[in-house]
Amino acid sequence: MTARTAAKTAAKTAAKTAATTSTDRLARLLALVPYVVNRDSVMLGEAAAAFGVTEKQLIDDLNLLWCVELRAPDPYCPIDLSYEGGEITVAEAESIARPLRLKVDEASALLVALRMLAGIPDLDDRDALSRVIAKLETAAGAAAAVSSKVAVEVDARGGTGDSARTAVGALRDAIAAGRRVHLTYYVPARDENTERDVDPMRLLVVEGNTYLEGWCRRAEGVRLFKLDRIADLSVLDVPAEVPDDAEPIDVDAGLFRPSPQDEAVTLELSPRGRWVADYYPCESVEELGEGRLRVVLRTPDARWVRGLALRLGDQGRVVAPEAVAAGVREDAARALARYGLA
C-alpha cells in the first residue's frame, strides 16, 4: 500500500467515524456517569478501554460533562467530577442513578416505534429487538395495552409493505454483493423522473424516512435517495466503485441545509395542503389556526415551487416573494387559456 493510498484510507475511516460521533458520544455520556458512580472511582485508562475510545476522547467527554446541570430543587446543581492523577471520580450525580420513568404517551410511542422497526425486512439482530419489546411491555404495564391499539403502516418503498420489502431487499443485496444499481428517481425540485446509476454505500433512516446513500455516477458525488421517490430499481451486473475519497453524509443535524443564496418562498396551506410540510424540507412551519399552515421553503430554483402551487390549487398559495406569486398567476392563466377558461 502506498503512502497516498494509506492516507486516503485513513481519511475515509476518519470521515465515517466523524459521521457517527454525535450519536456514539451521547451514548457514552449517558453510560459514563453511572459507570463511574457505581465503582466510586475508575482509572482513566481502564474507562477508556471499557468504552472502546482513546484516553483523549474520554477526557473530551469528561470536559463536556462539566457543562451538564441536573434538575434539582436547588437552582444550580452541576455534576462534580475530577480526573486528576488519572483517576476519575464523580459526585453530585445521584439523580442519574434513579430509574427512568416513562409516561403513558412516552412508553406507547416507544413501543409503537419499536414494533414498526421490527417489521423492517432483513433486520439484523431481530431477537435482541424482540427481547427489548417484551421487557418494555412488562415494565410499561397499562401503557403497553394502549400502544397495542395503534397500527402503523408506512406507505411506498420507504415503509414495510410489499414494494418496500422488494426495494429494501434488493438494495441490501446490492450493498452486500458490491453491485451498482440503476434508479428511476423522481426529483421534486424539477418535477421530473431521472435515470441514474448509483454505487450503493448504505441504507439509513433519517427523521422517519428511509434513504439510500450512494455515489451517484450522474452527479459525480455522494447523494441521498429517498426510497419513496424511487420509481424503478434494478441491480446491475457491474461492480460498485465508490471513490476512496467519498465521505458519508453527516445526517445527525438533519437533511435540510439551505444555502444563503437560496430564495425563501412562503406558502399558506389549507388543512388539505398540510402534506407539503411533511413531504418537503421547510425552514419554518407556523400554525395559523383552523388547521392552516404557513411554511417557508428555500430553493435555488423557484420554478418547481410554481409547479407545486399549481398542483395545490385551492389547497395553498404563494404569498411571498411577489415575483414567484406573479409567476404562479401567469402560469395558471396560460393553462386556463388553453381550455378557453381564462
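**Sheet, helices and cores in the predicted model**

Helix α10 lies across strands β9, β11 and β12, and its direction is about 5 degrees from that of β9. The helix α11 packs on the sheet as well, where it touches β9 and β12, and it makes an angle of about 140 degrees with β12. All of this refers to a predicted model rather than an experimental one.

The sheet itself is open and built from four strands, in the order β10-β11-β9-β12, with antiparallel pairing. Its edges are β10 (284–289) and β12 (316–320), each of which pairs on one side only. On average, neighbouring strands are turned by 25 degrees against each other, if direction is ignored. Looking at one of the pairings, β9 and β12 run antiparallel to each other and share four bridges. Here Leu-269 sits opposite Gly-316 of β12.

Next comes the nonpolar packing. The largest nonpolar core has 19 residues, and the ones touching the most other members are Leu-267, Leu-269, Leu-297, Leu-308 and Val-318. At least two residues each come from β9 (263–269), β11 (292–299), α10 (303–312) and α11 (322–338). The top contributor is α10, with five residues. As a general background, nonpolar side chains in soluble globular proteins tend to be buried together.

Setting aside neighbours within four places in sequence, Leu-267 contacts Leu-293, Arg-294, Val-295, Leu-297, Val-305, Leu-308, Leu-312, Arg-317, Val-318 and Val-319.

Elsewhere, helix α4 (residues 55–65) has a buried set made up of Leu-58, Asp-61, Leu-62 and Leu-65. These four are on the same side of α4, because they cover an arc of only 100 degrees around the axis.

Asp-199, in strand β5 (residues 192–206), counts as buried because its relative accessibility is 0%. Its side chain makes polar contacts with two arginine side chains, at 2.7 Å to Arg-180 and at 2.6 Å to Arg-217. Beyond neighbours within four places in sequence, the contacts of Asp-199 take in both of these arginines along with Gly-214, Trp-215, Pro-239, Ala-240, Glu-241 and Val-242.

How values were computed:
Residues numbered from 1 in each chain as written. Predicted model: local features only at pLDDT ≥ 70, side-chain atom pairs only at ≥ 80, totals over all residues. Heavy atoms only, no water. Core = buried A, V, L, I, M, F, W, Y, C linked by side-chain atoms within 4.5 Å. Buried < 20%, exposed > 50% of the residue type's maximum accessible area, 1.4 Å probe, protein only. Contact = heavy atoms within 4.5 Å. Arc of directions from axis to C-beta. Polar contact = N/O pair within 3.5 Å; in protein donor to acceptor, adjacent residues only side chain to side chain. Pairing = 2+ DSSP bridges. Axes fitted to C-alpha atoms, helices over the stretch in contact; angles between N-to-C directions.
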